[in-house]
Amino acid sequence: MTTDFHACSGFCARCHTSHTLPMGKAKSAALELIRQLDRTRRLDRHLPIEKSDPRLSTDYLFGKARGKMFGVMVCRQTDRTEIILKSFSGQYNGLWEIEGWAPPLFDLQHWHRVNEGPEREIKRLGIEIDGAGLDNPRGRELIRRRKELSQELMKALHGLYTLHNFRFQSRLLADVFAGVNGIPNGAADCCGPKLLNYAARHHLLPLGMAEFYYGRPNRQGTRHHGRFYSPCHDKCGPILGFMLCGLDGEEKKCS
């Protein structure tokens, strides 16, 4: 399989092999998505304008929230016809799921059940900390409790993520990062994992994937509107290695 600078790749610890999925024809599909976003200025462009959700306007990406990474994957279905998948990183304006876009790697209702109570308590502790101040024993104890609760919540939420690959295997996110000093913030919420997980679960054969940034440049100045970027190494590398496993053999069988 040929590679390029913007290829999706990662090392699989299970089979001790580096797997790669190039951009291929996904680049032209991504350029078309950019043109559509420029023209319609919304993510639910398939709906009549009067039914559009104002939260899905692309104006959101050019304000305080800044831009976001988007991904496009071209896949072959079992009947050999091609389909285009698309995704966005993390949440979009507070939304995890949007019709027509690849979903996150967890059950959203379960995520809300796990998150709701602890998040409410964390916010309550924050209010107490503001009132107590930082330079006294009570304030420091409240900070310790909030940090501990935040860590427990993050561990519980990470436990909801299940990764799938093209060997029909599944793995918990925590298992992928076992032995590493913690799971990076936002791991498995990026475009690539969302696309690969959807393709693997729906028996689609990925032919190419491209990721681009859309919106106001990020604060670090490392992402710029309309440019293509490779998946991040620290957060996505360990995940993509497992998720791409089995794809090489499937591509050869179907070519």
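Modeller: The buried residues of α5 are C191, G192, P193, K194, L195, L196, N197, A199 and A200; here buried means under 20% relative accessible area and exposed over 50%, with a 1.4 Å probe and protein chains only. That is nine of the eleven residues in α5 (191-201), a mostly covered helix. Just after α5, H203 has a positive phi of about 55 degrees.

A word on what you are viewing: this is a predicted model, in which local features need pLDDT of at least 70 and side-chain atom pairs count only at pLDDT 80 or more, while totals for chains, interfaces and linings use all residues. Numbering starts from 1 along each chain as its sequence is written, and side-chain values use heavy atoms, leaving out hydrogens and water. Helices (H or I, at least four residues) and strands (E, at least two) are DSSP runs numbered from the N terminus.

Now compare α3, whose 22 residues reach 32 Å from first C-alpha to last, close to the 32 Å expected at 1.5 Å a residue (1.5 Å times one less than the number of residues). In α3, the buried residues are G139, L142, L149, L153, L157 and H158. Down the axis of α3 they fall within an arc of 165 degrees, so they line one face of the helix; the arc is taken from the directions from the axis to the C-beta atoms. Those buried residues pack against α2 (108-132) and α4 (173-176), contact being heavy atoms within 4.5 Å. On the face turned away from the buried side of α3 you will find P137, K147 and K155, which are exposed.

Helix α3 also leads us to the largest pocket, giving three residues, the most of any element, to its lining. This pocket has a volume of about 760 Å³, the space filled by probe spheres set on its grid points, joined across faces, edges and corners. A pocket is an open set of points on a 1 Å grid over the protein atoms alone where a 1.4 Å probe fits, with protein on both sides within 12 Å along at least five of seven lines; lining residues have an atom within 4 Å of a point. Of its 30 lining residues, S89, G90, G186, C190 and K235 are closest to the centre.

Lastly, look in the loop between α1 (26-40) and β3 for T58. T58 is buried, at 2% relative accessible area, and its contacts include L37, Y92 and Y214.

Technical notes:
Lists of a residue's contacts leave out its neighbours within four places in sequence.
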